[in-house]
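This report describes selected features of a protein chain, from its backbone to its core and helix packing. Please consult the sequence and the structure shown below while reading.

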Amino acid sequence: MGILIDRNTTVVVQGITGREGSLRAAYMKEYGTKVVAGTSPGKGGQTVAGIPVYHTVKEAVAEHGPIDFSVIFVPGRALKVAVKEAADAGIKNIVPCVESVPIHDIMEMVAYCKMKGTRLIGPGSIGIITPGEAVVGWLGGNVEWANTFFKPGPIGVFSRSGGQSGTIPWVLKEGGFGVSTVVHTGTEPVLGTSMADLLPLFEADPQTKGVAVFSEIGGSQEEECAEVIASGKFTKPFVIYVAGAWAPEGQRFSHASSIVERGRGSAKSKMEAIRKAGGYVAMSPTDIPRILKEVIKD
């Protein structure tokens, strides 16, 4: 089953006539995702990869009925307007595959989506994939690579890094596991949805027997996951690998979100929090399947 998306999930692509939007929409459709519509102001009536294009999201919803996800490919300065348009049209899940967004715009988008009851994943997320079912965004890149790296199985995966989102699924596959759903949470310093927000979905998913995370120094998502685990809201095996654990104390690198503040966000803080909550820490990605084999009982 996995979480968030499956073969019945319907998608609208905002910015579908642009270079990125058209390329990624074609990939999603070829993978099997139900991309029912795209939007591009002033270009309604066209088609992209056989997908009808509308001027607005509301027009697409009026024609096709409720749509589950919007995937957005627009310049960062235009993202706030696009997100609000999707939320106003009743879209309940939005994945903006957009970076370099002004921080005040992000804060406004996050607040607006919460008010509308819309889940915002990112900004800066490259997407979500439930292998053999659907992909939203461009996680996987193309169908051949997606089928190579992402095999169906019992392990949910979070990645802080877009470029490394295939690393954990690959080592899991090589270690005899597949994945239920992979989520890249995004790279901006403020995010609409954290790993901790999504952990209860993996807890409720009967296919998922454990969760593995490609983590990085900076931010507090992993410590927040530890709090969810400690509270008993997530009870399955949880394993993290922290990239950048070698970095000297206080060094910053990678994404805008890689900032250590008030003792939270360091590799040491993350690993200690997860261990204390009852999770597991891998010293290299290839340790993850070994640990999972030891702790998954059925």
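## Terms and basis

A residue is called buried under 20% relative accessible area, exposed over 50%, and partly exposed in between, with a 1.4 Å probe and protein chains only. Helices (H or I, at least four residues) and strands (E, at least two) are DSSP runs, numbered from the N terminus.

The model is predicted: local features need pLDDT of at least 70 and side-chain atom pairs count only at pLDDT 80 or more, whereas totals for chains, interfaces and linings use all residues. Residues are numbered from 1 along each chain as its sequence is written, and side-chain values use heavy atoms, with hydrogens and water left out.

## Backbone features

S100 lies in the loop between β6 (93-96) and α4 (103-116). Its phi is positive, about 60°, although S100 is not a glycine. Because its relative accessibility is 68%, S100 counts as exposed.

L4, in the segment before β1 (10-14), is another residue other than glycine with a positive phi, near 70°. L4 has 21% relative accessibility and therefore counts as partly exposed. A cis peptide bond, with omega near 5°, joins G122 to P123; P123 belongs to the loop between β7 (119-120) and β8 (127-130).

## Nonpolar cores

A nonpolar core is a set of buried Ala, Val, Leu, Ile, Met, Phe, Trp, Tyr and Cys residues joined through side-chain atoms within 4.5 Å. The largest has 69 residues, of which I129, F158, L172, L199, F238 and I288 touch the most other members. Strand β13 (residues 238-243) contributes the most to this core, with 6 residues. At least three core residues come from each of domain 1 (10-120) and domain 2 (151-295), the bounds being taken from an automatic or database domain assignment.

Contact means heavy atoms within 4.5 Å. Not counting residues up to four places away in sequence, the residues touched by I129 include I5, Y27, Y31, L139 and F150. A second, separate core of 24 residues includes Y54, I72, Y112 and L120.

## Packing of α8 and α9

The axes of helix α8 (residues 221-230) and helix α9 (residues 267-277) come within 9 Å and cross at roughly 10°. Axes are lines fitted to C-alpha atoms, for helices over the stretch in contact, and angles run from 0 to 180 degrees between N-to-C directions. Angles under 35 degrees count as roughly parallel, over 145 as roughly antiparallel, 65 to 115 as roughly perpendicular and the rest as oblique; α8 is therefore roughly parallel to α9.

On the α8 side, E222, E223, A226, I229 and A230 meet S269, K270, A273, I274 and A277 of α9.
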